Structure formats: structure tokens, C-alpha cells
Amino acid sequence: MIRAQSLSYNYDEINIFRDLNFAFEMNRFYGIIGPNGAGKSTFLQLLAGIRKPTTGSVLFQEQPIHHFPRKIIAQKIAVLQQGGLPPLGFSVREVIEMGRFPYQSWLGGEKANIDGIIEEAIQLTGLTNLVHRKLDQLSGGERQRVALAKLIVQQPEIILLDEPTTYLDIGYQQIIMDVVKSWQQQKQLLVIAVMHDLNVSALYCDQLLALHNGQIIASGTPEQVLTTDRMKEMYNASTVIIEHPVNQSPQLLLSQTKGE
């Protein structure tokens, strides 16, 4: 479990959050939603220990996360940053193997044989035919799958994803989210994802947190959080909410405002 306790954060004397409190439970898929500038990515970085709160704490295993060495945290918490991997000249397999860094000695080796771990990640993300390609030869969607495979070989208990489907077409969005959801359920992991697409959030997330004006204004199932009134409050958007015909999750449609 990871928990935000009385969490506040200021940036250049601007208050981003005020007294946030929330406990993220294991074996759950959480989506963090909110308008641009709501601080979603900053909140994720605080949970990862990348940033330090102005006041309050992020508790991991009931201890402040900054009390743990970074290498120990990296064995437990993996982060997929917004934008994924840059197009570097390493091969796909070399980049995936970099996910084992938290377990390596200062000489760069491991006692255990990790070939099975690497192969499992490659198979899970559908990269078998690309392992010898250089990263700069791949599309953005393919690089995002490599980033996810690198995260998988890290074998974390908690996964933090910052807008994992941004700039991807709907085919790659589905691939990425299907892999994450399947892996989360199989390993009973905790996933916390900053989500831009509300319909994708509703399809894949068990719980949603809505950030607005420095506060968590709503949390619960997608059905509880995604309401027309809340979309108006958060985004100033007129919407119609319908039920997905297959899994009954809420899906949002924009409603043209009167007079346009």
C-alpha cells in the first residue's frame, strides 16, 4: 500500500495541492483524472518519491518513502514517465535489460539467471520480432511497448504510469492498456495511472481519483466519478454519458452547447 498523508506541494510559491489524503490499496487499478494544470503528473512524482512534498508525507509500507534508499524503492515501485523512451541507439533487448538495474551489483551483474524474466516481458508486450532492432528504428507506439517491457522486468509491486497512451493511436492504446491490465490482475499489483482519456479510464480502471483546484474532489468507481455535473465542474464541458454495450462502463460523449 502507498498513502498520501496531509500532502501539500508548492511550486514557485504557487500552491498545487492542499492537504491531500488517500490510501492506494494493492491489487487495484487507479486512474488519476483532472483538467490540464490540475497537478496530476506532480502528484504521481510525489508518490514515486521523485519530488518531496512541501508538507505531509507519502507513506510506503507505513514509512515515509524518502527514508528508503532509491535502489530499494526501484525494486518495489516502477515509473513509466510521460512520453516513454527517447529514440536512442540501443537495441530493444538492451533497453529491456536495463530494467534490471535495481537488482545489479556495482559490477553490473546479478546472481540469478534473468533470461526467463526478460523473455516473459518480451512475449507479454509482443516484441519478439523487434528485439534486435534499434530504438531509433521504432515508432512511438513500439517504443512505448519497449518502455513497458523494461518496467515489467523490474518486477515491481507498484506501477506508476504517467499518461501511458498519450500520442498513441487507438490500436496501440488498446495494446498498452490490455497488457497493463492483464499483468496487474495476474500479479495482483497496484497500478496508479494519470489518464487523459476518460473513456479509456472507465474501461480499464477499478477506481478513479478526480483532482481539481488542489483537492481530490471525488473518488470511487468510474460510475460514481464520471457524472455530467462533475464534467461540467472540472472541465466546463457539456457531456452525455452512456453505458458501454459490452462491459457497461460509463462512456462520455460531448454535447454541443446550445446556440452553436
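1. Helix α4 passes α5 in a right-handed crossing, where right-handed describes a near helix turned clockwise from the far one by less than a right angle. The model is predicted, with local features needing pLDDT of at least 70 and side-chain atom pairs counting only at pLDDT 80 or more, while totals for chains, interfaces and linings use all residues. Residues are numbered from 1 along each chain as its sequence is written, and side-chain values use heavy atoms, without hydrogens or water.

2. The axes of α4 (residues 115-124) and α5 come within 9 Å and cross at roughly 145 degrees. Contact (heavy atoms within 4.5 Å) is made by I117, I118, A121 and L124 of α4 with A149, I152 and V153 of α5; by class, this comprises 7 nonpolar, no polar and no charged residues.

3. For α5 (residues 140-153) and α6 (residues 170-187), the axes come within 10 Å and cross at roughly 10 degrees, which means that α5 is roughly parallel to α6 (angles under 35 degrees count as such). The residues in contact include R145, L148 and I152 of α5, and I176, V180 and W183 of α6, and the classes are 9 nonpolar, 2 polar and 2 charged.

4. Beyond its neighbours within four places in sequence, L161 is in contact with residues including L44, L80, L151 and V180.

Note on methods. Axes are lines fitted to C-alpha atoms, for helices over the stretch in contact, and angles run from 0 to 180 degrees between N-to-C directions. Helices (H or I, at least four residues) and strands (E, at least two) are DSSP runs, numbered from the N terminus. Angles under 35 degrees count as roughly parallel, over 145 as roughly antiparallel, 65 to 115 as roughly perpendicular and the rest as oblique. Ala, Val, Leu, Ile, Met, Phe, Trp, Tyr, Cys and Pro count as nonpolar, Asp, Glu, Lys and Arg as charged, and the others, Gly among them, as polar.
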